[in-house]
Amino acid sequence: MDKVIESSTAISLFIPPIFSSHHQIKVAFVNAHPCQPQSNVPFTSNKVYFRKMPDGKYVNRKWVTYNKTNKKIYCSLCMAFTRPNTTPFSEGVEINLKYLYRQLEKHKNSIPHDNACKAYFNISSEQTITNSLSSHRQKMVELNREIMTRIVDIALLIAKQGLAFRGKRNEAAYSMSDLTSNLNQGNFLEIVKLVAKYDPVLQTHINNSIKKSLIKKGKAGRGSCVTFLSKTTLNKILNITGNLIKNKIANEVIQSEQYSLEIDSTQDTSVMDQLCICIRYVLNGKINERMLALVESKSGTGKALYKIVEEELESLNIPLTNLIGESFDGAASMSGCYNGLQAHLKKIAPESIFTHCHTHVLNLIVSDVTSCCSSAQDLFNLLQKTAVFFSDSYKRTGIWKKFLSEDQTGNDKLRKIQKLGTTRWNSKDAALKSIFGPWSESSKNENSDRYDVLLESLYFLGSDKSIDSSTASDARFLLQKWTSFETIITSFIFLEIFHYTTAVSKYLQSKELDFIINLIKTLLSDIRKGSSNYDRVKEKAINFVSIKNNCDKIKKLENIFIEETFINKRRPKIKKMPGEKALDDVRNISPHDYFKVNTHRRIYDVLINVFEKRFEKNEKIYEVLGTFNTQRFIEFAKSPHLINDDNFKYVAFKSNAESGIALKKEFLQFISYFNQTFNKIAHKSNTKSQSHDDSSAESSDNFETITCKNIQQNGLSVDYSTKDSEISKWLIHCYGLVFLEPENVSDFFTLILMELKPDDNRVTKFADYLVVTYIGEDSMFPPEMWASASVETKCVVDGSIASMNSSANDKSTLNSEGSNNLVLTGERKVGWTFYYTCGVCRAKEMIESEDPNQLTMNVNLEAVTGAVNSGQGYSQLDF
């Protein structure tokens, strides 16, 4: 204590420090106390120096100090931490035994004494005002971060779901006070209120925001009312989030070094042209396609569009010189080679490749074809009028649904006639199929289309007396058109065209899109074949009309008969003008020939010409990409001279490689390794694994048996046994997985087999089954249980043919799907020996009876032989 007093400028015990003194001096003064003499005092020391607690214990009043010199009692805390004359105990209280004990109790409960105690304890624990404010601010910052985390998560959820954030009105915080009201405050505030029900942090914040908002209600300006729930804060959150995402994408693009752009624009409901900029790049072997920006386009010129793209990329530090490809639509401002966006980009990146979106190109081709002649125009105009006729009135729609429910089942009872859309690809195909339905397929069911329903509905609307005259007239007009043979045969022409184009269009929009050169060539080849198949289309149309005219539903319609052929129309004679030497008008041509020349051939001529014209721009890049098609690797390995050296020169030029010759050499080395690997797997997949370990052998058999059953369940048996089909080859490669090391199975399946997977939903389901059951980390039978199996010369076939030499006679092991994989190629009747060729891998197999010398064949072998020869299962044979 003495040391403290000396370090505190030797202050006296009863001379208080100046109020503005440093807090350390004040603390030292208090620590020098209390002065509580026990003898020669005019009061009872225990009552003054100690306080009796309710439990009977005594607690020392350390703040009470007594000065024997002037015989006064002081409060050491108030002397140090209160202003002069604030309380009597800071100046000293004279002793009056009548009131002394009451004065002490009153002083203890006084506000100045309480403040002095708090000041002393705060300073003693180093909690200064600065520290207290800083601690309070830190707590507020942490609380605000908790609140902002919840608000940002809600904003991201709404953005992910593509919902609107705001409502029309009632967005003020005070409007959230009435939780029982039916006010719709928009998705954002409604979700905030929902989360607040289960989150006390957010609930407390909302309550405080409501109180602040009610105080500021009606006053100008926001003041200090910060709620984090306003549209301004929400817009800032969205902008910050968008910038973070764009910067992340930009960093990946810069890391990948090369990229391509996809750009398109459209007008929104506010009559503002929005330009969408998407960027495509490869990073760590993965293709990424991201939307980079959506900005307003105030001018549609190529130069203005280029400026927008340039500014957007410069703001993200993405160099335009690394651009290797761009894809737009066919508008002149986009694809123009002189003043279009393409031309301006090529000035900066001259080696970049422009590609017109192939799905869009195909859609434009279909659009051109469906308006190339009067018959096509009439058909699709009739489709649109019919769809609008029924959709414009709930009564007409009700009549359609009534007849439809009588004819259709399941979801087909809810079908409507599709309208044509100018921006919806394949809408014309969907509209045509909504009436003719399964007649567009090869395996059609004439009892399930909606053509009958259409005629019944139109007939009812045109003949019922309760229908107004205008509606009845329109219905009769539509009915007359739909019973016209010209309408029907034109529909069948386009059904055949759409059969090819729609499938290609959907594939061009799929994620699994790969090299399309063969696809485009195949489509063009199919179209050329169709151009000479008018007689087949005519036969289908006549057959359709014949079936419908003999249908009971059509017969019930009075005076309604579908035309079975063209009506002979009188064609006016074209006058021969002076100077003409020949008469071009042919008077004796039949209606079918006239339609064939002027409609059928014209449709296909326009289709072929437009097809070749629109797809010829990137013919060179198609050829180059076709070189890297894995299906041609075997051909190139056997005959390297078939490889076009110019293709590698082109690639080297575009990719800044040193030499096309070096690229070709590397390519030949790669396909050699590639072919060796797959030949090895294909060879091994022709044999059946047999492990020395019983459990491993059982797991391997499990893999072969169950996967074969799954092939049957997915309807792949026919494809599986079809020689040289893509599906068959892929499935055979899958069986080669059993010969890989377990740690290599997943990578080989994902990186190689999935890249070669045929585009077929059945194959996709089978691949998913393999991942879940055999290949995935959490699969039922992981690769460690069945991979690395030993090799035997027996062929891997269906599980139902596991062992033909077995004496088992279980009928359930035989089925037509499995047995049809074996094809009988020869037999030797002595000993009943049969020679088979596997329909899967073409391997030879000999099957003989248990006893080579027996003259009667075992019933199990007889069943197998009968099933193979007849294509039937065991239970269908009669012995």
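Trainee: How many bridges join β3 to strand β4?

Mentor: Bear in mind that this is a predicted model, where local features need pLDDT of at least 70, side-chain atom pairs count only at pLDDT 80 or more, and totals for chains, interfaces and linings use all residues. Residues are numbered from 1 along each chain as its sequence is written, and side-chain values use heavy atoms, with hydrogens and water left out. Strands here are DSSP runs of E, at least two residues, numbered from the N terminus, and two of them pair if DSSP finds at least two bridges between them. β3 and β4 (residues 72-75) run antiparallel, and the number of bridges joining them is four.

Trainee: Which residue in β4 stands opposite T65?

Mentor: β3 covers 64-67, and its partner β4 covers residues 72-75. Opposite T65 stands Y74.

Trainee: Which strands stand at the edges of that sheet?

Mentor: The sheet is open and antiparallel, in the order β3-β4-β5. Each edge strand has a single partner, so one side of it is left without a neighbour in the sheet; these are β3 and β5 (93-94).

Trainee: What share of the chain's residues count as buried?

Mentor: Buried means under 20% relative accessible area, with a 1.4 Å probe and protein chains only. Of the 879 residues, the share is 41%.

Trainee: In the chain, what percentage of contacts between residues at least 6 apart in sequence join residues at least 24 apart?

Mentor: A contact means heavy atoms within 4.5 Å. Among contacts between residues at least 6 apart, those joining residues at least 24 apart come to 61%.

Note on methods: Buried < 20%, exposed > 50% of the residue type's maximum accessible area, 1.4 Å probe, protein only.
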